[in-house]
Amino acid sequence: MKRKGLYVLVTVAMLALAGCGSNQGEENPKNQITEAITPTDVPEATATPEPTATPAPTATPVPANYMEANGIEVLGAGWHTCKGFIANEWDENDNPILELADLEYCMEVTEVENDGITKVIEVELHAKPYVNEYGGRSGFIMGGFVDLKTGKSFVPVDINYLQTTFLKRGEEVVGLQLAEMLEFPSVTYPYYTERFTLECPADYEDAGFYLTGFTYDWEAYTERSDTWKMLNYIRHGDSDMAVFGVNKCLATEQKRPVDGAELAEENYFETNGLTAKGEGTYTWLGMEATRKWNEEAGYWESVSLEENEFTFTISITEESLGDGTKMIKGTFIETLYMVSEDEVKIPYKKYGIAEKKTGLVYCPRTYSLAEPYVLEKDGEEISILVGMEIVEEELGDGKIDSRTTFTLICPEDYNDAVFYLTADVEIDEDEHTYFNESEVFSLNELKHGDYELMFFQ
């Protein structure tokens, strides 16, 4: 039965990720010859100038370190766009067919000294998952530690284990302890993240970390683990490599602007006389879509709309996460009806998470992937995560129990979020597609005709 994601319209793509990387070294040009230009006109005779002293030759600057010698830019704080690997298809052996696409990487870092002898550096390397037009997501990423002076790189052999290693820099030997942890994207987390803890001498100033594409070559990955390799040895195909310097990140603070600030209104709910309902079961008048499976295109599409009355239940829960934040979930529960294997009738609606103070709507890019936003609250900037997931269960007799859950993670004292629901009054030709960028918009932009716009809190 072709029911995979009557709303979703996609299968969530496999997120294959590992942990280490490489770079393409670019040698400095040598023996450059400038082509002589032959004049076309005979020049007029001129007086022979008096001989002058021959200038002393200028010495060629010696590269300060491996990065400079190989033309590798060391990046600071903030997001950087690089070519990385994604997959939209898999071959007959279930191996991803890799393609290059623009991916965004960044590094966050903190540094704490231990009694002046050693220091601890905490690093988070983030990569935003690539979301294709059908909502599938993927990203094939690997990262690791690199000494910026020598270009020697290292990745621990085990995850979540503080491993001791020694870095040789000529006659100098630097003792290091390095541990790595991984976190994967989910409905409550927006990135693929490699976390590193580095304990090193307090005067060590050459720590760097990198992210690059993973070619799905596990043998190459095994070769790199638990051993020092030069950065330009580590294989990563045609993908770019982002090399971040710890000191450069610490010196370049990156402040993210408030999302949607230009669209925000003051006291939106109060100004428009709006109120929010609580959880419960409600009946509403809206639009019902007949959707059919398009065999040629490979997705469901809406073919007609008609007015109908629907009943749904909304359940709202709130949970403290113990770190100054809380998780709020709003679940819309309703029944869908299968007319046949290739046809289904569903409420055609718009719903999600909005803020009653500003009237702004915050959307995830796709299902089961959190989207981060920065908001302003009482003159201060706060961060929230918005996610959405759907669960469908066949009940028999053509009935399907459908549960769409919107998840919000926010500070514990944030109380301005509401869930909204209204009818969608016209068929969107691109309803089956998604975008790789999130977009904030105003509730004023919701086109719902004469149908009620409901809020729940």
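Ala, Val, Leu, Ile, Met, Phe, Trp, Tyr, Cys and Pro count as nonpolar, Asp, Glu, Lys and Arg as charged, and the others, Gly among them, as polar. Keep in mind that the model is predicted. By that scheme, the lining of the largest pocket splits into 19 nonpolar, four polar and 13 charged residues. This pocket holds about 1400 Å³ of space. Its lining has 36 residues, and nearest the centre lie Lys350, Cys363, Asp428, Glu431 and Thr433. Strand β18 (residues 343-355) gives the most to this lining, with eight residues.

The second largest pocket has a volume of about 1100 Å³. It is lined by 36 residues, and Glu108, His126, Tyr191, Arg256 and Ser383 are the closest to its centre. Several elements give two or more residues to this lining, including β3 (96-114), β4 (118-127), α3 and β22 (399-411). The largest share, five residues, comes from β3. Here the lining residues divide into 21 nonpolar, eight polar and seven charged.

Now the backbone. Most residues other than glycine have a negative phi. Asn160 has a positive phi, near 65 degrees. Asn160 sits in the loop between β8 (152-154) and β9 (163-169). Its relative accessibility is 53%, so Asn160 counts as exposed. Asn267 also has a positive phi, near 50 degrees. This residue lies in the loop between α3 (246-251) and α4 (268-272). Asn267 is partly exposed because its relative accessible area is 34%, between the 20% and 50% cut-offs.

Key: Residues numbered from 1 in each chain as written. Predicted model: local features only at pLDDT ≥ 70, side-chain atom pairs only at ≥ 80, totals over all residues. Heavy atoms only, no water. Helix = DSSP H or I, 4+ residues; strand = E, 2+ residues; numbered from the N terminus. Buried < 20%, exposed > 50% of the residue type's maximum accessible area, 1.4 Å probe, protein only. 1 Å grid on protein atoms, 1.4 Å probe; cavity = no way out; pocket = protein on both sides within 12 Å on 5 of 7 lines; lining within 4 Å. Points joined across faces, edges and corners; volume = space filled by probe spheres on them.
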